[in-house]
Amino acid sequence: MSWGTELWDQFDNLEKHTQWGIDVLEKYIKFVKERTEIELSYAKQLRNLSKKYQPKKNSKEEEEYRYTSTRAFLATLNEMNDYAGQHEVISENMTSLITGELSRYVQELKQERKSHFHDGRKAQQHIETCWKQLEASKRRFERDCKEADRAQQYFEKMDADINVTKADVEKARQQAQLRHQMAEDSKAEYSSTLQKFNSEQHDHYYTHIPNIFQKIQEMEERRIVRIGESMKTFAEVDRQVIPIIGKCLDEITKAAELVDHKNDSQLVIEAFKSGFEPPGDIDFEDFTQPMKRTISDSSLSNSRGDGKSEPKFGSKSKGKLWPFIKKNKGAGPEDFSNLPPEQRRKKLQQKVDELNRDIQKEMDQRDALTKMKDVYIKNPQMGDAASVDHRLAELGQNIEKLRIEVQKFEGWLAEVEGRLPARTDHARRQSGLYEAQNTSAVNSCAQDRESSPDGSYTEEQSQETEMKVPATDFDDEFDDEEPLPTIGTCKALYTFEGQNEGTISVAEGEMLYVIEEDKGDGWTRIRRNEDEEGYVPTSYVEVYLDKNAKGAMTYI
């Protein structure tokens with residue numbers, strides 16, 4: 001089966017067919033391109049959907065995700081984000097493996113097709129030129145033969161005429177001989193041209209055209225094979241992400257299986273349990289007796305000025321009715337004594353944890369400045385070691401204050417949990433570490449409790465303390481002859497104001513590029529963009545090195 005032998009006379013149809021094949025290939029490329037755009041759009045919509053329902057940081061909505069059902073929903077949102085990433089992978093792979101490759105192949109195919117059909121047209125023009133030469137030689141031979149016949153007839157006529165002179169007869173004879181010779185020459189030329197044409201025609205239809213058409217056939221068959229392989233790749237790109245998509249769905253299923261209704265019910269108890277016992281029976285007050293009525297301990301009409309101290313939790317007192325009384329939205333006391341016991345314990349524990357985190361943060365800053373001071377001592381040209389002493393002293397004072405606060409709240413927490421007896425006035429006076437700072441706050445809390453006969457209480461308002469790291473001095477020299485390559489990224493844990501040459505200022509939470517690791521001197525070289533780079537204390541950043549460089553490492 002060869003186009004050269006079977007379709008030797010279908011040059012125009014082959015030209016149309018191969019053009020149609022290229023059109024089909026370009027149509028398929030356009031189809032795949034639109035598919036990649038759809039995948040990208042779908043992935044973008046999935047990411048936006050996941051982001052839309054993610055809990056907002058530092059909001060009440062974030063607290064709701066301690067329940068197993070809401071955690072499962074959060075896991076679903078995260079997995080949907082990964083699911084969207086796989087559709088982006090589909091788009092990227094189809095673009096690189098199909099659209100890009102086929103686009104380049106189409107250009108090559110067009111050039112090859114143009115070359116083959118140019119050779120075909122050139123061969124057609126050559127055989128047509130040979131045919132025209134044959135026809136001209138044939139007409140010339142025919143004309144010379146006719147001229148020779150006329151010359152022969154004229155000679156014979158002159159030779160038969162007795163009135164014609166002998167000279168005229170000789171002249172006619174010579175003319176006839178000349179014409180006959182010209183006819184013979186034309187005949188020989190025609191014969192030679194005919195043989196040449198037949199040879200050229202044989203080569204044209206049995207050698208040149210078959211070779212050209214064979215190349216065109218091979219070109220078309222390669223196009224067909226290529227589009228078939230691209231369709232396989234189209235399916236394979238989808239198939240490659242199916243296991244990962246399956247893992248995403250498995251993680252969603254696993255999260256759903258972890259939903260525990262009993263656990264969520266227990267969390268509701270822990271969130272809202274007051275620690276009180278239900279109120280006891282109210283004593284009957286007989287108004288028919290003329291004698292003075294005795295006011296029951298459980299009555300809600302206790303006078304404001306009875307001078308009695310605050311009842312203990314758990315006794316039959318007005319405190320038992322707190323769950324049924326409307327809450328006051330004002331600011332509560334520092335020790336959260338306005339809250340029910342269980343809620344107070346939780347708030348105190350949260351406060352202790354928050355203070356411990358603040359202490360750790362201050363200690364990290366102190367360690368960073370200590371390392372900086374050591375570097376300044378070893379390398380005085382980098383900065384003045386005495387410049388950080390003031391800040392180190394401030395951090396030490398802050399840490400001591402925070403530790404005093406922790407002791408204070410741990411004391412209140414111990415009282416609530418019953419680990420320690422309630423502190424007396426003498427014990428308060430012995431707490432000299434924070435007596436002067438908190439006596440007024442504690443007394444005001446007690447007054448609030450005694451001056452609230454209706455048992456009202458308020459909820460805690462969170463207070464957050466922001467820590468700022470002052471500027472430090474640093475001086476260094478740069479060699480900018482050749483930019484260093486990026487070896488990873490880092491996140492600023494604290495704000496650093498680089499005021500000296502060689503340093504760079506960073507803001508807390510800012511992401512930057514790492515271009516040089518810590519060489520043991522406590523400094524890391526980073527880059528913000530092409531024009532901004534410098535050193536920052538290593539303890540001020542969290543570094544993520546590229547795996548291809550030296551593996552992922554973190555300095556905290």
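## Helix H8 and its end

In this predicted model, H8 is followed by glycine 418, whose phi is positive, near 80 degrees.

## Confidence

The pLDDT averages 79 over the chain, with 78% of the residues scoring at least 70. Over residues 292-329, however, the pLDDT is below 50, although this stretch has 56 contacts in the model beyond near neighbours in sequence. Residues 419-480 likewise stay under 50, and for them the model has 120 contacts beyond four places in sequence. Where pLDDT is low, the predicted coordinates should not be read in detail.

## Aspartate 144

Aspartate 144 lies in helix H4, which spans residues 68-160. The residue is buried yet has no salt bridge, the nearest side chain of opposite charge being that of arginine 143, 4.2 Å away, whereas a salt bridge requires a distance within 4 Å. Apart from neighbours within four places in sequence, aspartate 144 is in contact with Arg179, Met182, Ala183 and Ser186.

## Aromatic pairs

The structure holds 13 aromatic pairs. In one of them, tryptophan 131 and phenylalanine 197 are tilted, at 5.4 Å centre to centre and with 55 degrees between the planes. This pair links distant parts of the chain, since tryptophan 131 belongs to helix H4 and phenylalanine 197 to helix H5 (residues 166-257), 66 residues apart. Tryptophan 131 counts as partly exposed because its relative accessibility is 43%, while phenylalanine 197, at 6%, counts as buried.

Elsewhere, Tyr376, Tyr494, Phe496, Trp523 and Tyr540 form one aromatic cluster.

Definitions and conventions:
Residues are numbered from 1 along each chain as its sequence is written. Side-chain values use heavy atoms; hydrogens and water are left out. Helices (H or I, at least four residues) and strands (E, at least two) are DSSP runs, numbered from the N terminus. Buried means under 20% relative accessible area, exposed over 50%, partly exposed in between (1.4 Å probe, protein chains only). Lys and Arg count as positive and Asp and Glu as negative; His and the chain ends are not counted. Contact means heavy atoms within 4.5 Å. pLDDT is the predictor's confidence in each residue, from 0 to 100. Rings of Phe, Tyr and Trp (its six-membered ring) pair if their centres lie within 6.5 Å; planes under 30 degrees apart count as stacked, over 60 as edge-to-face and the rest as tilted.
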